[in-house]
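Dear colleague,

Please find below the structure that I am handing over to you. My findings are set out after it.

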Amino acid sequence: MIKTDFAGRSLDMSNDESLTEYQELIGKLFNSMESLAEQASEPIVVAKVIYEAATDGTDKLRYTAGEDARMMVANRKELDDKTFIQGIKEQFSI
C-alpha cells in the first residue's frame with residue numbers, strides 16, 4: 001500500500017452500495033485498509049522502484065516496493081498455499 005491522499009481522502013475508494021451482496025465483504029476490506037494504511041510506504045519508495053523498473057535495462061517483470069510488499073512476497077515463498085491464503089483472510093477479516 002502507498003501513502004496517498006487522493007481527493008483529500010487517505011482511502012479514496014468508491015463503493016456501489018446497490019450491490020448489496022458485496023457489502024459485508026467491502027465493509028471488512030475497508031476496515032482492514034485503515035490498519036494497512038498506517039504501515040503504507042511513502043510514495044517516494046514506490047517512485048524509486050518504478051524508476052528502477054523503467055531504467056534498469058533488464059527484462060525483469062516483478063519488482064517489490066515497500067516493506068509490506070517484501071513481507072507479503074516472503075510469506076508467499078515460505079508458506080504453503082493453505083496457510084498463506086488463511087493469513088490473507090485473517091488480515092482482511094474474511
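The notes below go from the chain as a whole to a single residue.

This is a predicted model, in which local features need pLDDT of at least 70 and side-chain atom pairs count only at pLDDT 80 or more, while totals for chains, interfaces and linings use all residues. Residues are numbered from 1 along each chain as its sequence is written, and side-chain values use heavy atoms, with hydrogens and water left out.

The chain holds 4 helices and 0 strands, in the order α-α-α-α from the N terminus. Helices (H or I, at least four residues) and strands (E, at least two) are DSSP runs, numbered from the N terminus.

The radius of gyration of the chain is 16 Å, whereas a compact globule of 94 residues would have one near 12 Å. That radius is taken over C-alpha atoms, and the globule rule is 2.2 Å times the number of residues to the power 0.38. The C-alpha trace spans about 45 × 40 × 25 Å along its principal axes.

Of the 94 residues, 12% count as buried, that is, under 20% relative accessible area with a 1.4 Å probe, protein chains only.

Ser 41 lies in the loop between α1 (23-38) and α2 (43-55). Ser 41 is buried, its relative accessible area being 9%. Apart from neighbours within four places in sequence, Ser 41 is in contact (heavy atoms within 4.5 Å) with Met 1, Ile 2, Lys 3, Ala 65, Gly 66, Glu 67 and Asp 68.

With kind regards

Terms used. Buried means under 20% relative accessible area, exposed over 50%, partly exposed in between (1.4 Å probe, protein chains only).
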